[in-house]
Amino acid sequence: MCLAVPGKVVEVKGDKALVDFGGVKREVMLTLLSEKVQPGTYVLVHTGYAIQILDREEAEKTLRLWREIAKTMSIEL
C-alpha cells in the first residue's frame with residue numbers, strides 16, 4: 001500500500017521545496033513534476049517526492065480526512 005500526503009510549499013530552492021504538512025516541515029524533491037511550483041502551491045508527496053500539484057480545496061479536504069482518521073485513532077495531528 002502506498003501513501004501520499006498533501007502539503008503546502010513554503011519555499012522553493014532549485015529542484016527542492018520546503019513543504020509544510022500541518023506544522024511539520026520537510027524538504028521535498030520537485031524533480032518528478034513538470035509544472036513550476038511556487039510558495040503557496042499544494043503538492044501531493046510520496047517518499048520525499050512531490051508527485052502531483054493539488055488545488056487548495058482538494059488538499060484541505062484530504063487534510064481534514066486525515067485529521068478525522070487520526071482523531072478516531074487518538075493520534076494528534
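**Exercise 1.** Which residues does valine 9 touch, not counting residues up to four places away in sequence?

*Solution.* Before starting, note that this is a predicted model, in which local features need pLDDT of at least 70, side-chain atom pairs count only at pLDDT 80 or more, and totals for chains, interfaces and linings use all residues. Residues are numbered from 1 along each chain as its sequence is written, and side-chain values use heavy atoms, with hydrogens and water left out.

Step 1: list its contacts (heavy atoms within 4.5 Å), which for valine 9 are Ala17, Leu18, Val19, Val37, Gln38, Pro39, Gly40, Thr41 and Val43.

Step 2: look at accessibility, where valine 9 counts as buried because its relative accessibility is 2% (buried means under 20% relative accessible area, exposed over 50% and partly exposed in between, with a 1.4 Å probe and protein chains only).

**Exercise 2.** Find the residues that make up the largest nonpolar core, and the elements that give two or more residues to this core.

*Solution.* Step 1: recall that a nonpolar core is a set of buried Ala, Val, Leu, Ile, Met, Phe, Trp, Tyr and Cys residues joined through side-chain atoms within 4.5 Å.

Step 1: the largest such core has 10 residues in all, namely Val9, Ala17, Val19, Val28, Leu30, Leu33, Val37, Val43, Val45 and Ala50. Two or more of these residues come from each of β2 (16-20) and β4 (42-46).

**Exercise 3.** Is threonine 47 buried or exposed, and where does threonine 47 lie?

*Solution.* Step 1: threonine 47 lies in the loop between β4 and β5 (49-54).

Step 1: with a relative accessible area of 62%, threonine 47 is exposed.

Step 2: check the backbone, where threonine 47 has a positive phi of about 50° although it is not a glycine.

**Exercise 4.** Describe the secondary structure of the protein and the order of its elements.

*Solution.* Step 1: the secondary structure comes to one helix and five strands.

Step 1: read from the N terminus on, the elements run β-β-β-β-β-α.

Step 2: as for burial, buried residues make up 26% of the 77 residues in the protein.

Notes:
Helix = DSSP H or I, 4+ residues; strand = E, 2+ residues; numbered from the N terminus.
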